[in-house]
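Student: I would like to learn how to read the features of a structure. Could we go through them one at a time?

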Amino acid sequence: MPEGSSSVMYRGRAAATLASRAMLRNWETFTECPHEDLREPGRVHLDPFGNLHICQGIAIGNLFRTSLREICRDYHPALHPITGLLLEGGPAELVRRYGLSLQGSYADACHLCYEARRALRLQFPAVLGPDQMYGCKP
């Protein structure tokens, strides 16, 4: 593996638990989402509440309310308040565009993205959830 990279992905709640053990980098270096194809996803995640996630914690619809066909048809990644910015400039763009006070260093792009999304949950409750994805009790 290239120096400074890891086979561990600091996603979700693992970011808070494991990131302190990783080599950290400045948040501004995370300018792309290296693990998910947000434009043309080949897979999605489904949680027990019917939420369909483009990545864990980033919902694009709910199967209990909308058909899979409609969710896929209506998913426009550039217009989504989270994936649009991730496509423009990765997790660092979330921090810049929404004026988040996240500063310092992070283990990887997933770690920064998770922390940025945690800070944005109240602003975007329909797409950043459910609570369990963020280590919160409902």
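Student: Which residue in S3 is the bridge partner of Leu 46?

Tutor: In this predicted model, Leu 46 has Leu 52 of S3 as its bridge partner. Another residue to look up is His 45, whose bridge partner in S3 is His 53. Strands S2 and S3 pair over two bridges, in the antiparallel sense.

Student: How many bridges join S3 to S4?

Tutor: Strand S3 (residues 51-55) is joined to S4 by four bridges, and the two strands run antiparallel. Two pairs can be followed residue by residue: Asn 51 is partnered with Asn 62 of S4, and Leu 52 with Gly 61 of S4.

Student: Are the residues of S3 and S4 buried or exposed?

Tutor: A residue counts as buried when its relative accessible area is under 20%. Five of the five residues of S3 are buried, so S3 is largely enclosed by the rest of the structure. In strand S4 (residues 58-62), four of the five residues are buried, so S4 is also largely enclosed by the rest of the structure. For the protein chain, buried residues make up 44% of the 138 residues.

Student: How many helices and strands does the protein chain have?

Tutor: The protein chain has four helices and five strands. Along the sequence they follow the pattern α-β-β-β-β-α-α-β-α.

Student: At what angle do the axes of H3 and H4 cross?

Tutor: For two helices, look at how close the axes come and at the angle between them. Helix H3 (residues 83-97) and helix H4 (residues 109-120) have axes that come within 8 Å and cross at roughly 70°. That makes H3 roughly perpendicular to H4. The crossing of H3 past H4 is left-handed.

Student: Which residues make the contact?

Tutor: From H3 the contact uses Leu 86, Pro 91, Ala 92, Leu 94 and Val 95. From H4 it uses Ala 109, Leu 112, Cys 113, Ala 116, Arg 117 and Leu 120. Sorted by class, the contact of H3 with H4 has 10 nonpolar, no polar and one charged residues.

Student: Where is Phe 30 found?

Tutor: Phe 30 is in the loop between strand S1 (25-26) and S2. With a relative accessibility of 3%, Phe 30 counts as buried.

Student: How far apart are Phe 30 and Ala 109 in sequence and in space?

Tutor: They are 79 residues apart in sequence, and their C-alpha atoms are 5.3 Å apart in space. For the protein chain, take the contacts between residues at least 6 apart in sequence: 50% of them join residues at least 24 apart.

Student: Is Arg 121 buried or exposed?

Tutor: Arg 121 is buried, with a relative accessible area of 15%. Arg 121 lies in the segment after H4. Not counting residues up to four places away in sequence, Arg 121 touches Leu 128, Gly 129, Pro 130, Asp 131, Tyr 134 and Cys 136.

Student: What kind of peptide bond joins Gly 129 and Pro 130?

Tutor: Again, the general idea comes before the case. Most peptide bonds are trans. The bond that joins Gly 129 and Pro 130 is cis, with omega about 0°. Pro 130 has its place in the segment after H4.

Terms used
Residues numbered from 1 in each chain as written. Predicted model: local features only at pLDDT ≥ 70, side-chain atom pairs only at ≥ 80, totals over all residues. Heavy atoms only, no water. Axes fitted to C-alpha atoms, helices over the stretch in contact; angles between N-to-C directions. Parallel < 35°, antiparallel > 145°, perpendicular 65-115°, else oblique. Left-handed = near helix turned anticlockwise from the far one by under 90°. Contact = heavy atoms within 4.5 Å. Nonpolar A, V, L, I, M, F, W, Y, C, P; charged D, E, K, R; others polar. Buried < 20%, exposed > 50% of the residue type's maximum accessible area, 1.4 Å probe, protein only. Pairing = 2+ DSSP bridges.
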